[in-house]
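The following questions and answers are intended for a reader who meets this protein model for the first time. Please view the sequence and the structure before reading on.

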Amino acid sequence: MLVYLFQKKCRLMKKYKYLLFDLDNTLLDFTGSSEVSFKKMIGQYSNKDVDYLFSEYYKINRACWEAVERDEIPLAKVKIVRFERFNSKFDIKVSPEEINAHYFSILRETVFFVEHAKEVLKELKSRGVGMSIVTNGLKEVQERRLEISGILPFFDTVIISDAIGVKKPEEAFFTYTLNQVPKFEKDQYLVIGDTPGSDILGAYNSNLPSCWFNPKNKSWTATGYKPDHNISSLFDLLDLI
């Protein structure tokens, strides 16, 4: 026990050399982009209140992505399954493929930043810290959003689960990632993300240090694993580097 605590303390004191950033709701405000895009799209298919429809879509979409993390829905099918469920609930008489394509056409062009994201990336880059993006998003959306965001020059590479066929929290996702980025000891990497069941669990599965981006100061509820760090502002990340 004493050895474990000593090792843990050493890890917390260590300055990290390479950062693996989640994208959605860590650097880019995906919830904001999704809400704007969904509300622009949904009026063509329903005359119900758009705020209510989005709140219901948000719950369905979140449940579907959590099911993906648990291997209950294939990653390639999540974009259709969520609209199958949504359309069925609200008796929308179009195919899930059509409504998803319409939604994606707006979402890919809609980008908002998480607070302080650009400032922190600039500071990290000025310190010579290496960075890559690791995202469970869908390739056809993420590539365009990253392009128009202007942040690609900060990163060595972008790993998108949809493009490589494995996802966070699978160990294979991080094995693939570590083969694409500069080589360091595992305890010199830091995985930063907002989602316990993909970012933090994925880091834990791969024996990588992790930082939970937790802007709403939620309590940690998962059992069996936890992050090495818990931050409420991206500025707090600068103290770890």
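Q: Which residue forms a salt bridge with Asp-24?
A: A salt bridge is a side-chain nitrogen of Lys or Arg within 4 Å of a carboxyl oxygen of Asp or Glu. In this predicted model, local features need pLDDT of at least 70 and side-chain atom pairs count only at pLDDT 80 or more, while totals for chains, interfaces and linings use all residues. Residues are numbered from 1 along each chain as its sequence is written, and side-chain values use heavy atoms, with hydrogens and water left out. With the closest N and O atoms 2.8 Å apart, the partner of Asp-24 is Arg-145.

Q: How many residues apart in sequence are the parts that Asp-24 and Arg-145 tie together?
A: Helices (H or I, at least four residues) and strands (E, at least two) are DSSP runs, numbered from the N terminus. Asp-24 lies in the loop between S1 and H2, whereas Arg-145 belongs to helix H7 (residues 139-149). The pair therefore ties together parts whose separation in sequence is 121 residues.

Q: Is Arg-145 buried or exposed?
A: Buried means under 20% relative accessible area, exposed over 50%, and partly exposed in between (1.4 Å probe, protein chains only). The relative accessible area of Arg-145 is 0%, so this residue is buried.

Q: Which side chain meets that of Lys-168 in a salt bridge?
A: Lys-168 is placed in the loop between H8 and H9, and its relative accessible area is 1%, so it counts as buried. The backbone oxygen of Val-134 lies 2.9 Å from a polar atom of the Lys-168 side chain. The salt-bridge partner, at 3.0 Å from N to O, is Asp-22.

Q: What separates Lys-59 and Glu-56 along helix H3?
A: Lys-59 forms a salt bridge with Glu-56, the closest N and O atoms being 2.8 Å apart. Both residues belong to helix H3 (residues 50-69) and are 3 residues apart, so their separation is about one helical turn.

Q: Why are the buried residues of H9 on the same side of the helix?
A: In helix H9 (residues 171-178), the buried residues are Phe-173, Phe-174, Thr-177 and Leu-178. The arc is that of the directions from the helix axis to the C-beta atoms. These residues lie on the same side of H9 because they cover an arc of only 125 degrees.

Q: Which strands stand at the edges of the sheet?
A: Two strands pair if DSSP finds at least two bridges between them. The open sheet of 6 strands has the order S3-S2-S1-S4-S5-S6, with parallel pairing. Each edge strand has a single partner strand, so one side of each is left without a neighbour in the sheet; these strands are S3 and S6 (229-231).

Q: Is Asn-87 buried or exposed?
A: Asn-87 is placed in helix H4 (residues 78-90). Its contacts (heavy atoms within 4.5 Å), leaving aside neighbours within four places in sequence, are with Ile-92, Val-94, Ser-95, Pro-96 and Ile-99. Its relative accessibility is 5%, so Asn-87 counts as buried.

Conventions. Polar contact = N/O pair within 3.5 Å; in protein donor to acceptor, adjacent residues only side chain to side chain.
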